[in-house]
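Dear colleague,

I am handing over the structure below, and my notes on what was found in it follow directly after. Please read them with the coordinates open.

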Amino acid sequence: MIYKGSCHCGRTAFEVEGELAQVADCNCSICSRKGALLWFVSRDQLRLLTPDENLATYTFGKERIRHRFCPVCGIHPFGEGTDPGGRAVAAINVRCLEHVDIAALPVTHFDGRAL
C-alpha cells in the first residue's frame with residue numbers, strides 16, 4: 001500500500017510504500033519529546049514529493065540518525081539512517097501519514113535510551 005504524508009504546513013510531502021503492521025514508540029531523548037510513533041522501512045520505500053531542500057536535518061549523539069524536519073512548521077515527518085546490517089532505512093512518523101488509524105496499530109516499545 002502507498003501512504004501519503006506531510007509536515008503540518010505541507011512544505012514537505014512524501015509517499016511511503018509498504019505494509020504498516022505495527023509502530024515503535026522509542027524512549028530516546030528526541031523521540032519521547034516529539035511523541036513520534038515510528039514505522040521503519042527500507043529507505044527506497046520512501047519517496048519525497050517535494051525538494052529535499054525543503055527539509056532541515058538534526059543530528060545528535062553518535063549522529064547515526066538524520067532527523068528530518070520542516071524548517072517552517074517544525075514537524076518531524078521522518079528520520080534516515082542505517083540498520084545494523086548497513087542498509088539504508090527510514091523511520092516514518094506515522095502521525096504524519098494521512099488516513100491511518102493509529103489507535104488500531106500495535107505498539108512496540110523500543111529502548112532508544114540504552115543505545
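Ala-90 lies in strand β9, which covers residues 88-93; helices (H or I, at least four residues) and strands (E, at least two) are DSSP runs, numbered from the N terminus. This is a predicted model, in which local features need pLDDT of at least 70 and side-chain atom pairs count only at pLDDT 80 or more, while totals for chains, interfaces and linings use all residues. Residues are numbered from 1 along each chain as its sequence is written, and side-chain values use heavy atoms, with hydrogens and water left out.

Ala-90 counts as buried because its relative accessibility is 0%, where buried means under 20% relative accessible area, exposed over 50% and partly exposed in between (1.4 Å probe, protein chains only). Apart from neighbours within four places in sequence, Ala-90 is in contact with Trp-39, Phe-40, Val-41, Ser-42, Arg-43, Leu-46 and Gly-79, contact being heavy atoms within 4.5 Å. From Ala-90 to Glu-53 the separation is 37 residues in sequence and 17 Å in space, C-alpha to C-alpha.

The largest nonpolar core has 18 residues, and those with the most contacts inside it are Val-16, Leu-20, Trp-39, Ile-92 and Leu-97; such a core is a set of buried Ala, Val, Leu, Ile, Met, Phe, Trp, Tyr and Cys residues joined through side-chain atoms within 4.5 Å. At least two residues of this core come from each of β2 (13-17), β4 (38-42) and β9. A second, separate core of seven residues includes Cys-26, Ile-30, Cys-31 and Leu-38. Leu-20, for its part, is in contact with Tyr-3, Trp-39, Val-94, Leu-97, Val-100 and Leu-105, leaving aside its neighbours within four places in sequence.

Thr-12 is in the loop between β1 (2-6) and β2, and is buried, with a relative accessible area of 0%. Beyond its neighbours within four places in sequence, Thr-12 is in contact with Gly-5, Ser-6, Cys-7, Thr-50, Asn-54, Leu-55, Cys-70 and Pro-77.

On the cysteines, the structure holds zero disulfides, a disulfide being a pair of cysteine sulfur atoms within 2.5 Å. Cys-70 is in no disulfide, and the nearest cysteine sulfur, that of Cys-9, is 3.7 Å away; Cys-70 is buried, with a relative accessible area of 0%. Cys-73 is likewise in no disulfide, the nearest cysteine sulfur being that of Cys-7, 3.8 Å away, but Cys-73 counts as partly exposed, at 27% relative accessibility.

With best regards
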